[in-house]
Amino acid sequence: MTTDTKSQKSRKVAVLGPMPRDQIVTEDGERFEKYGCALYTAVALSALLDAGDAIVPVTHVRRKDEGPLKQILASFPNIDTSGITSSADQGDGVELRYIEQNRRVERQTSFMNPILPADVAAVLDADAFVCVPITDYEVGQATLRHIKEHSGATIVLDAHGPTTTLTRSGERQPRVWADQDIWLPYVDILKMNLDEAHSMWVGESAEMAADPPKQITEEKQITEELRDLARYCLERGVGAVCVTLDEHGCVSFRRDGSGGITEEFVDPVPVEHVVDTTGAGDSFAAGLAYGYLAYRDYVVACQYGNAMGAQRCTGPGTDLNVYLSREATERQIRATYGPGPYRPGA
């Protein structure tokens, strides 16, 4: 692993997604409130990027939440809060009730207005866009297309948004990502977990089985179904597909020089005691974006993703000080993965 030296040119990363007011009930029955989602992504990036770099969250919130959110972020000097707006007085509110460490029941109580192309006009000069929607309406395909057509930035998309929808009572439920073909050409790195992979299982025939393939596993046994899904995405313009596997780490898929598909498992960064997994995926997305921005290597990007996701789990959801400095994170990565792999230009 080669340490990323301070860049000659300052970098800018835009983070698109909600900063919902979350009401959490843990599996032990503990209750607390906090802000989440894109807040975690922005703060994790703040820990990794330099003081002269800029992280710009673009989100819509309720008027009563704008001040508290900006106050929270004021302690992170490389976060620019100008993209946090409340003109429509709409923002997400979410209730999360944990059944197990990685299983929860979700209900949405209020809804932000979508992030539209006009909302990203001021950040089209960003080096990367990290899109972490939690529901299907928040960051739409038209916004990704606008970014791709007017920016040279790397676009990271968390599939949690387009694979999740709401019932009339506000319950958050998985949905089939049936229109994925019109999204994929505008995504450079697609992040998903296994549940979201199930929601993408449409493929060329556009026929749904009664049940998703049971062979998809969290173990180090990648099935042909998951390979086919990755190939499907890569053939439609995605640069890399990263599938997170909870405590098993993640696996990345990319094209090799001959046009074939390369898959690589990236072991997890160990966590001695998991306190709260809320925001682990949002933090993973931050590390994934930073690692690729700094090294242009998908495996190294996944290592950073695993590190930031692991750090998030070491404290309660209200604690934004769980993220280590970049130097400490790189020591954590070297301790887990050794001095490699590091392949410049891969």
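This is a predicted model: local features need pLDDT of at least 70, side-chain atom pairs count only at pLDDT 80 or more; totals for chains, interfaces and linings use all residues.
**H6 against H7**

On the H6 side I listed Ala280, Ser283, Phe284, Gly287, Leu288, Tyr290, Gly291, Tyr292 and Tyr295. They meet Tyr298, Val300, Ala301, Cys302, Tyr304, Gly305, Asn306, Met308, Gly309 and Arg312 in H7.

Next I took the geometry. Two packed helices are described by the angle between their axes and the distance between the axes. For H6 and H7 I read a crossing of roughly 145°, with the axes coming within 6 Å. I noted the hand of this crossing as right-handed.

**The loop between H6 and H7**

I looked at what joins the two helices. Arg296 is in the loop between H6 and H7, and H7 covers 298–312. Most residues other than glycine have a negative phi. Arg296 has a positive one, near 55°. Is Arg296 buried or partly exposed? I found 36% relative accessibility, so Arg296 counts as partly exposed.

**H1 against H6**

I then turned to the other partner of H6. H1 spans residues 38–48 and H6 spans residues 280–295. Their axes cross at roughly 40° and come within 8 Å. H1 is therefore oblique to H6. I logged this crossing, too, as right-handed.

Which residues of H1 meet H6? I wrote down Tyr40, Thr41, Ala44, Leu45 and Leu48.

I checked the loop between strand S3 (31–35) and H1, where Cys37 sits. Cys37 is not a glycine, yet its phi is positive, about 55°.

**H7 against H8**

I moved along to H8, residues 326–337. The H7 and H8 axes are 10 Å apart, and the packing angle is about 110°. Angles of 65 to 115 degrees count as roughly perpendicular, so I put H7 down as roughly perpendicular to H8. The crossing is right-handed.

From H7 I listed Gln303, Tyr304, Asn306, Ala307, Met308 and Gln311. They meet Thr329, Glu330, Gln332, Ile333 and Tyr337 in H8.

**The nonpolar cores**

Which members of the largest nonpolar core touch the most other members? I got Leu39, Val43, Leu45, Leu73 and Leu288, out of 60 residues. I followed Leu45 further. Leaving aside neighbours within four places in sequence, Leu45 is in contact with Val13, Val15, Ile55, Val130, Ala286 and Tyr290.

I found another core lying apart from the largest one. It has 41 residues, including Val123, Phe129, Leu234 and Phe253.

**Val58**

I picked Val58 in strand S4, residues 54–60. At 4% relative accessibility, Val58 counts as buried. What does Val58 touch, not counting residues up to four places away in sequence? I noted Val15, Leu16, Gly17, Gly83, Ile115, Asp119 and Val123. Val123 belongs to the core of 41 residues. I also took one separation. Val58 and Asp119 are 61 residues apart in sequence, but 7.3 Å apart from C-alpha to C-alpha.

**Val187**

I went on to Val187, in the loop between strand S11 (172–174) and strand S12 (189–193). Buried or exposed? Its relative accessibility is 0%, so Val187 counts as buried. Beyond four places in sequence, Val187 touches Leu144, Ile155, Leu157, Gly237, Val238 and Gly239. I checked Val156 too. Val187 and Val156 are 31 residues apart in sequence, with 6.4 Å between their C-alpha atoms.

**Whole-chain totals**

I counted eight helices and 15 strands. Buried residues make up 54% of the 346. Of the contacts with a separation of 6 or more, 70% join residues 24 or more positions apart. The protein exposes about 14,600 Å², and carbon and sulfur atoms supply 48% of that area.

How values were computed
Residues are numbered from 1 along each chain as its sequence is written. Side-chain values use heavy atoms; hydrogens and water are left out. Helices (H or I, at least four residues) and strands (E, at least two) are DSSP runs, numbered from the N terminus. Buried means under 20% relative accessible area, exposed over 50%, partly exposed in between (1.4 Å probe, protein chains only). Contact means heavy atoms within 4.5 Å. Accessible areas come from the Shrake-Rupley method with a 1.4 Å probe; for residues, only the protein chains shown count as cover. A nonpolar core is a set of buried Ala, Val, Leu, Ile, Met, Phe, Trp, Tyr and Cys residues joined through side-chain atoms within 4.5 Å. Axes are lines fitted to C-alpha atoms, for helices over the stretch in contact, and angles run from 0 to 180 degrees between N-to-C directions. Angles under 35 degrees count as roughly parallel, over 145 as roughly antiparallel, 65 to 115 as roughly perpendicular and the rest as oblique. A crossing is left-handed if the near helix is turned anticlockwise from the far one by less than a right angle, and right-handed if clockwise.
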